[in-house]
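Here are some friendly notes to read beside the structure. Please keep the 3D view open as you go through the points.

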Amino acid sequence: MYYNANSIIYYNGDYIHPKTASGDIYSQTLHYGNGVFEGIRAYKTKTGTRIFKATEHYKRLQYGTEVMHIPCPYTIDELTDITYKLLELNGLEDAYIRPIITTGANMGLGSSQESNLIIQCWEWGKLMGDQLLKVRTSSFQRPNPKSCFVDAKVTGHYINSILARNEASASGHDEAILLDMNNNVAECSGANVFIEKDGKLYTPPKGHIMPGITRTTIIELCNEVGIPVEERHFSLDEMKQADNAFFTGTAAEVVGLKSIDDYNFPKPWESTLGFKLMHLYKQEVLGERTTNLSKAV
Ligand code: PMP
């Protein structure tokens, strides 16, 4: 699914076939989840292949390596250039890109001072599809921000997401909403959440969530086109009185919700702000919007 006979990955300076890559079985990433990764998309646009917000994604990767004390001897420009070259070698224009920095051998708990850069890419549709999602409240909470850097994409953190996702699937749901340690709505297993109420959008503030690059793009788009949006905490009860809700993420893009637990969102998706933003987001990633977005949110 992720590669074929002609696929190429980047591995520590070499462009090789994924099957010829070998990893260290004593790697701290394998044993303790100490690695940092990104999820990026490239789109086929009228002016060629464009990696959407490459700088923002690679800045987040670098931030993750800094807080985890993992060496990352690449600049953002180098990472971006490698990624464009990789897309070209794979003949991909529309692609999902997965860079990961893995750590070297160390069975102790201090970060290994050896690291590897691997970048893979493959064709991937919208992660959660186009259907409205039936979601449930997870029995798992987002981690206490004092237990780890919740805003860094560290491989080990995703155990929390996997638990929530598995629980949702087991009860016949598409996805999970996780609350934070204070019982406020935080996010989905791999995407951010917005709710719509009386013509205004609300999304949880930074602090207990992964501050998504798509979330920022959506807020920028709202500011530009005059959709009122506020970053503030809200409870599950408040979410269950919303007119509508949607998720945002690089892999998921913008996807609407049908229900949460036994509450069906009453506003038809096609008449929601989320629906409008889903289309604006598509235009934005394809570079088909004429006005520039403000950088400040
Ligand atoms: N929350 C979590 C837990 C995620 O894993 C992701 C995906 N990186 C997001 C939100 C959305 O982030 P982004 O828009 O940067 O892809």
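**Notes on salt bridges, domains and pockets**

1. A salt bridge here is a side-chain nitrogen of Lys or Arg within 4 Å of a carboxyl oxygen of Asp or Glu. Helices (H or I, at least four residues) and strands (E, at least two) are DSSP runs, numbered from the N terminus. The structure holds 17 salt bridges.

2. A word on the source: this is a predicted model, where local features need pLDDT of at least 70, side-chain atom pairs count only at pLDDT 80 or more, and totals for chains, interfaces and linings use all residues. Residues are numbered from 1 along each chain as its sequence is written, and side-chain values use heavy atoms, with hydrogens and water left out.

3. Now the domains. The assignment gives domain 1 (9–122) and domain 2 (133–296); such bounds come from an automatic or database domain assignment. Their C-alpha centres lie 25 Å apart. The contact (heavy atoms within 4.5 Å) takes 26 residues from domain 1 and 24 residues from domain 2.

4. How much area do domain 1 and domain 2 bury between them? The value is about 2100 Å², with 61% of it on carbon and sulfur atoms. Buried area is the accessible area (1.4 Å probe) that two parts lose on being put together, summed over both. On the domain 1 side, Phe37, Tyr43 and Arg60 lose the most area to domain 2, together 29% of what that side buries. Three salt bridges are found across this interface.

5. Next, the largest pocket, with a volume of about 1000 Å³. It is lined by 40 residues, and the closest to its centre are Phe37, Arg98, Leu127, Tyr158 and Gly190. On a 1 Å grid over the protein atoms alone, a pocket is an open set of points where a 1.4 Å probe fits, with protein on both sides within 12 Å along at least five of seven lines; lining residues have an atom within 4 Å of a point. A volume is the space filled by probe spheres set on the points.

6. Which element gives the most to that lining? Helix α4 does, with five residues. Each of domain 1 and domain 2 supplies at least three residues to the lining of the largest pocket.

7. The second largest pocket holds about 510 Å³ of space. Among its 24 lining residues, Tyr11, Gly23, Thr102, Ile118 and Gln120 are the closest to its centre. Strand β7 provides the largest share of this lining, five residues, and β1 (9–11), α1 (28–32) and β6 are among the other elements that each supply at least two.
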